[in-house]
Amino acid sequence: MSVQSLVEDNWQTTKATIKERCTFLFNNDVMSDVKLIVPAVTSAESEGKKAKRVISAHKFILSIGSPVFYTMFNGELPETGDSVEVLDCEFETLLEFVRFLYSDEVTLSRSNVLQVLYLAKKYMVPSLADKCREFLEESLYPSDVFSVLPVAELHEDKKPGAGGGLLDHCWKLIDRQTKVALESAESIERSVLEALVERDTLNIKEIDLFAAVSRWATNECEKQSLEAGGKVKRRVLGDRVVKAIRFPLMTEKEFTSVVVNSDILSAEEVSEMNQYFKTKSSHPVGFSNKARTYSSIGDLLRCHRFTGGYYGTGTWSYRGSPDSLLFEVDEDIKLHGVYLFGKDDNNYSVALEVIDNSDESLLLSQTGNFTSEPVDDWKVGDYEGFQFLFDTPIDIEKNTKYRVKALISGPPSMRGQGRYKRTGWSGVQFTFFYDEDHANNRTNHKKGQFPEFLFTKCEQ
């Protein structure tokens with residue numbers, strides 16, 4: 001007997017744990033007693049030949065990993081054949097699912113995670129479903145949140161008092177970056193649109209929300225082969241959606257130039273709104289004038305560190321070190337968030353902390369995923385970036401140094417350069433210092449990240 005055959009015969013002796021031995025059997029013909037078959041779309045199939053891709057599996061391992069497989073192979077009417085066709089997923093996705101059953105390991109990506117989650121729920125593998133949800137929460141960007149939201153609603157565990165979860169994470173991301181999410185969405189289900197426009201916590205101007213709703217109606221008319229006129233779009237939208245738009249929050253110019261011209265509102269509704277704008281009173285109009293929580297972002301004070309964003313001789317790159325900056329104010333304030341530089345419509349992941357530098361106490365630790373967009377600021381000029389709003393504003397005491405630290409992952413961005421060590425707004429002076437005692441990605445009081453600080457003054 002050859003040495004090679006001895007190794008094959010005694011492979012168990014080289015695997016110290018049951019996990020290693022099961023992992024060795026993954027997609028391996030050794031002792032395989034069932035084949036999982038996935039139809040493959042190939043050029044051969046288009047020529048009339050039935051193409052298939054096969055995963056070699058073991059009924060025992062599948063059965064101990066999934067109640068569905070256990071019933072399939074060991075129930076009252078067990079499958080007795082040596083193959084099972086899986087028609088509702090791609091081969092690579094099924095391969096990752098099976099890999100998890102053999103090894104407790106899975107390679108997830110933004111392209112396969114939704115299908116893997118589907119298989120985890122279909123075959124009742126909750127530990128894998130949890131991994132998928134954790135991955136989505138960590139890697140979800142505004143550009144794909146509306147494609148994930150229906151899946152989150154379908155698979156969300158309704159455990160009493162559980163709270164949080166993927167569904168909640170999706171809605172929080174939509175709240176924070178409403179405009180970017182809506183601009184990136186290819187399609188939104190009606191139930192989601194209705195829930196969206198009724199939320200009090202959106203971060204978008206009402207005129208931009210109306211424009212997004214109008215675009216949705218246009219797309220829906222195209223799907224139904226209808227002419228996308230104003231009255232047809234109104235019928236497609238329905239009163240629930242239209243009545244949830246808060247037209248009184250718009251300026252009279254926005255309403256007249258955009259809403260009236262869309263012909264979505266009735267003549268009576270337009271007349272009521274015109275009367276409202278003329279009187280500026282509590283004249284009933286049938287539309288809410290309650291400000292959305294995040295829409296008040298425009299009321300926040302903004303301290304600008306730079307005169308704009310620059311590319312200069314190069315962009316600001318990220319190599320695994322956080323951008324860190326010390327700051328101090330001369331009045332007590334509440335810090336609501338910061339702006340960060342980005343570039344074009346690229347995606348960025350950020351882990352941000354705010355620390356009291358006097359005793360190193362952690363005041364905030366928050367993560368988020370963002371899409372960069374143009375920031376049109378009348379004071380400092382245009383730049384590209386995104387706002388990182390805190391879940392809860394932080395109390396910042398005067399004459400005390402604080403450290404803001406952002407670990408950013410993403411492509412190179414714009415950068416700030418050439419502003420001042422000391423600057424302020426509305427009577428509050430910010431002083432910035434180079435954080436030389438901690439790991440830093442070159443940000444200091446003269447250049448780098450953190451173009452704006454968003455704050456409110458504390459009541460005296």
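## The chain as a whole

In this predicted model, the chain carries 17 helices and 16 strands, and of its 460 residues 47% count as buried. The chain exposes about 23,400 Å², of which carbon and sulfur atoms supply 50%.

## Helix 8 and helix 10

Helix 8, spanning residues 126-139, and helix 10, spanning residues 165-176, have axes that come within 10 Å and cross at roughly 15 degrees. Since angles under 35 degrees count as roughly parallel, helix 8 and helix 10 are therefore roughly parallel to each other, and helix 8 passes helix 10 in a left-handed crossing.

On the side of helix 8 the meeting residues are R133, L136 and E137, while helix 10 contributes G165, L166 and H169. By class, this contact of helix 8 with helix 10 has 2 nonpolar, 2 polar and 2 charged residues.

F255 lies in helix 16, which covers residues 252-262. With a relative accessible area of 0%, F255 is buried, because that value falls under the 20% cut-off for burial.

When residues up to four places away in sequence are not counted, F255 touches F247, M250, V260, L265, V270, M273, N274 and F277. One of these partners, F277, is 22 residues apart from F255 along the chain, and the C-alpha atoms of F255 and F277 are separated by 9.6 Å.

Notes. Residues numbered from 1 in each chain as written. Predicted model: local features only at pLDDT ≥ 70, side-chain atom pairs only at ≥ 80, totals over all residues. Heavy atoms only, no water. Axes fitted to C-alpha atoms, helices over the stretch in contact; angles between N-to-C directions. Helix = DSSP H or I, 4+ residues; strand = E, 2+ residues; numbered from the N terminus. Parallel < 35°, antiparallel > 145°, perpendicular 65-115°, else oblique. Left-handed = near helix turned anticlockwise from the far one by under 90°. Contact = heavy atoms within 4.5 Å. Nonpolar A, V, L, I, M, F, W, Y, C, P; charged D, E, K, R; others polar. Buried < 20%, exposed > 50% of the residue type's maximum accessible area, 1.4 Å probe, protein only. Areas by Shrake-Rupley, 256 points an atom, 1.4 Å probe, with all protein chains shown as cover.
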